[in-house]
Amino acid sequence: MKKLFVFIVGCTLSLPLLAQRISRVEMSETGILSKLSIELDEQVILNLTPTGDIIDYGIDIYKGRTDRMQERMEPYTGRVVNYTNLDNEAFAGKIRYIGQKMITYYASYDDADLVGKIKSIGSTTFEYYNRYDEESLRGKIKSIGSDRIIYYSSFDPSFGGKLKSIGAVQLTYYSNFDDKAIKGKIKSIGQSQFSYYTSFDRKELVGNMRNGWRINYVNTIKFLISR
């Protein structure tokens, strides 16, 4: 009986580990999010736009390396199943399974703003900014499982529209009161700090990153910062 109890507890505690979470974020120096990546089973990486559309998927052969700004996706040769033309029109033909992970979508009878968007991957649910949110956010992913994606309000003159946080990771930026060559650029991701050459430095260096790395691992998320 004791062994059975330990087994049940162990299975319960392991459930969160099976959930899909954000593993990679690609963004610009000025805080514009361009790509989110979810890691599935069998080392499959699923790349999404900020609005939840599937870009591509495959095996990232450079996963875990800190010297590569771009992934190299090899085709996934495992099980891939699509919804058929007999399924709801909002997701007919879209990917249903990658390996053992099922992808569901909002149907044509759901909220009009959500139709066709990813609803869940495995046990992980997606939430989106809706018509009651400010216009610049509508349709963007608001959360993936327990990881919330928050942006600075578009009404903020210094940071409007920039990525503010993903999960527990906070991001900050140089404001409009800083040097014109660096204002709007990312200042920190979690504990990772960034500095840039200012308008007082040599002309060929102005605006370039001075300290910090373009690849940062923060709270198990890989952040890639493009120019």
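Predicted model: local features only at pLDDT ≥ 70, side-chain atom pairs only at ≥ 80, totals over all residues.
Some ground rules. Local features need pLDDT of at least 70, side-chain atom pairs count only at pLDDT 80 or more, and totals for chains, interfaces and linings use all residues. Residues are numbered from 1 along each chain as its sequence is written, and side-chain values use heavy atoms, with hydrogens and water left out.

Start with the sheet. Strands here are DSSP runs (E, at least two residues), numbered from the N terminus. Two strands pair if DSSP finds at least two bridges between them.

β8 (residues 101-105) joins β9 (residues 118-121) through 3 bridges, antiparallel. There, Ile 103 stands opposite Ile 121. β9 then pairs with β10 (residues 124-128) over 2 bridges, again antiparallel. Ser 120 has Thr 125 in β10 as its bridge partner. The hairpin of β9 and β10 has 2 residues between the strands, and Gly 122 takes a positive phi near 60 degrees.

Next, β11 (residues 141-144), which holds Ser 143. Is Ser 143 buried or exposed? Ser 143 counts as buried because its relative accessibility is 6%, and buried means under 20% relative accessible area (1.4 Å probe, protein chains only). Ser 143 touches Thr 125, Phe 126, Glu 127, Arg 148 and Ile 149, leaving out residues up to four places away in sequence. Contact means heavy atoms within 4.5 Å.

Last, β11 meets β12 (residues 147-151) through 2 bridges, antiparallel. Ile 144 has Asp 147 in β12 as its bridge partner.

Conventions: Helix = DSSP H or I, 4+ residues; strand = E, 2+ residues; numbered from the N terminus. Buried < 20%, exposed > 50% of the residue type's maximum accessible area, 1.4 Å probe, protein only.
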